[in-house]
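Here are a few exercises to work through with the model open beside you. Try each one before you read its solution.

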Amino acid sequence: MRSLKHFFEQSWLLIVASFFFGLLIAATNAALSPRIEMNKVTKLTSLARGLLPQAEKFAPLRERIEIQGSDGKQQEVAVYKALADDSTVGWTFKAVGSGFADKIELVVAVDEAFETLAGFDVLMSNETPGFGDQIKASFFRDQFAGAPAAGLSLVNTGNTEEIDDKIVAISGATVSSTAVVETINHYLAQVKEQLQKKGLIGNGSES
Amino acid sequence: MDTVYILITGFISVVLINNLVLTKFLGICPYLGVSGRIDMAFGMGLAVTFVMTLSGTLTWMIDHFLLMPLNLEVARYVCFILVIASAVQLVEMYLRKFFPPLYDSFGIFLPLITTNCAILGLCLFLNLWGVNSLIEAVVLSFGGGIGFTLAICIMAGIRENLRMVDVPECLQGAPITLITAGILSLAFMGFAGMI
Amino acid sequence: MAANPDGQAGLYRDTLLAGLWRENPVFRLLLGMCPTLAVTAAVKPAFTMGCCVIFVLLCSNIMVSLMRDLLKPHLRILMFTLTISTFVTIADLFLKAFQPRMSEALGPYVPLIIVNCIIICRAEACASKHPVLLSIVDALGMGAGFTLTLCVLAGIRELLGTGKVFEIQVMPSGFVPWAALGMPVGAFLTLGFLLGFINLISKKRS
């Protein structure tokens, strides 16, 4: 008993402080977490709005879409339906891949039949400034607007004005360009398959 | 086979491509302080590897089996630092009692390591990189420690040679070490894109 | 302690100024190097980090100073750590809620404020031994010194590395940016040379 009393004498401040701090953290979290959640969604949809200007709002899918990532692991993809006057005008989702330096996160938008790419935008990247960083530049991104939504291939030289499935790489940033094209290809193929499986697109039936 | 491939590439990535000291700026304080001699540097590196592997694994387990299921992610930082501090304390007591020669060789490094940002940094990076399996967490933590050891031993080797060279007075000590670290990080950049 | 005719006010002024130059945490005491190198690629993240550190330093100094008579010697580091990690969690939540872009740019370096040596050292050296008002002044001084240092470093790196400061174009359009300054190389080199430069100035003064 004496050692218990001694223990409490020594550590009562620690215990009281822990309770107090725990309450403080919990209160702050409760007050701020709705705002934090909203921030995450707003970022993706604001970028997607730039790619699909005809959309009025973006609704998250009720169904859970999972694909196999490039590292072999199953991961969930956040897919949004772009709506205008309650009819689907496109789809948008977040794609993640490994670039030269770190992860690259992209927002990809496709049309409602999942046949043509509306384009992509960069959510997060840490690529080399002046080189890999150029994946955000319009001369690279514009090549994707209107390209077919499957089987894109990277070429070293070509006509950047021509919109087809050949994407001209950024000179001096081959790894970053390859990362973007491969990530988009990978996600397009799998998300399309998953959406077809859930009966949301494909074979002429649209929701 | 897939798992082994992921583990090996993850290990190489943390040691060379995303070296914790030279690309993520973790553990700079001991890096500047202890890299004077190779034997001290190696001792520090080993101590850091040991603590890093232990705390990386522990914090990953707590994160995955306790914090995430119970939606207590907001308490993550508090939990991590308390776990790291207690783990280091326990390791020190255990070593002092059962392996005195090992404890003597680690010396003063063990208490210093608790505030080493590399340990907490690695635990947070494990979370950021979306590590999903225990074995991957162990391998990456171990790799982080090995990367630190590699960087600090290279720096110690260079600094031992710098002692015989005419460094300008205002640059002696921390400045020249930082400049050397800069050149080292430039060299390590060559590893990027390897995998 | 300053032997000043204006007594307390002089002490406060000295403490405030000490953090800015004489005991500048980064340049003189060589503390808190990790965030200094990591977030100074541009001025905006550097300034945000500086503000977070000021907030955490202030709160933790106040809390520790209020508790200073109740602390048991062998538990005090644990108490400091607990206090600091609580306030860092709160600062991180505020950042995620009100400045999500900055929160992403700073990433894991905000929670690393917990192990930032500056905060624990000030709690140990100053807050646990002095009354609340002096601790507040010390926190403000050290925090301001740290923020100033970060901004100077970031200013150099961003100006020469991208031609912009605080995302405003400053350099003329013919300027080819030194992209290396935005990468780890640039961080180490800039800090190293800046430290050497400060050493030179101090040597010349004394």
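**Exercise 1.** In what order do the five strands of the open sheet in chain A stand, and is the pairing parallel or antiparallel?

*Solution.* First, a word on what you're looking at: this is a predicted model, where local features need pLDDT of at least 70, side-chain atom pairs count only at pLDDT 80 or more, and totals for chains, interfaces and linings use all residues. Residues are numbered from 1 along each chain as its sequence is written, while chains are lettered from A and ligands numbered from 1 in the order in which they are written.

Now walk across the sheet: the order is E1-E4-E5-E6-E7 (chain A), with antiparallel pairing. Strands here are DSSP runs of E with at least two residues, helices are runs of H or I with at least four, and both are numbered from the N terminus. Two strands pair if DSSP finds at least two bridges between them.

Next, check the edges. Strand E1 (57–60) and strand E7 (117–124) of chain A each have a single partner strand, so one side of each lacks a neighbour in the sheet. Then zoom in on one pair: E5 (residues 87–98) and E6 (residues 103–111) of chain A are joined by nine bridges. A:Ser98 sits opposite A:Lys103 of E6(A).

**Exercise 2.** Find which helix of chain A lies across E1, E4, E5, E6 and E7 of that chain.

*Solution.* Look for helix H1 (residues 2–51) of chain A; it runs at about 145° to E7(A). Angles run from 0 to 180 degrees between N-to-C directions, and axes are lines fitted to C-alpha atoms, for helices over the stretch in contact. Helix H3 (residues 174–197) of chain A packs on the sheet too, touching E4, E5, E6 and E7 of chain A, and its direction makes about 130° with that of E5(A). Two residues are in contact if their C-beta atoms, placed from the backbone, lie within 7 Å.

**Exercise 3.** Work out why chain A counts as more spread out than a compact globule.

*Solution.* Start with the parts: chain A has three helices and nine strands. Its radius of gyration is 23 Å, well over the 17 Å that the globule rule gives for 207 residues, so chain A is more spread out than a compact globule. (The radius is taken over C-alpha atoms, and the rule is 2.2 Å times the number of residues to the power 0.38.) Along its principal axes, the C-alpha trace of chain A spans about 85 × 45 × 30 Å.

**Exercise 4.** Is A:Phe114 buried or exposed?

*Solution.* Locate A:Phe114 in the loop between E6 and E7 of chain A. Count its C-beta neighbours inside 10 Å: there are 20, so A:Phe114 is buried. (Buried takes 20 or more other C-beta atoms within 10 Å, exposed 12 or fewer, and partly exposed is in between; C-beta atoms are placed from the backbone.) Its backbone is worth a look as well: A:Phe114 has a positive phi of about 60° although it is not a glycine.

**Exercise 5.** Which helix gives the most to the side of chain B that touches chain C?

*Solution.* The contact takes 30 residues from chain B and 31 residues from chain C. H9(B) gives the most to chain B's side, with nine residues. By class, that side has 25 nonpolar, five polar and no charged residues. (Nonpolar means Ala, Val, Leu, Ile, Met, Phe, Trp, Tyr, Cys and Pro; charged means Asp, Glu, Lys and Arg; the others, Gly among them, are polar.)
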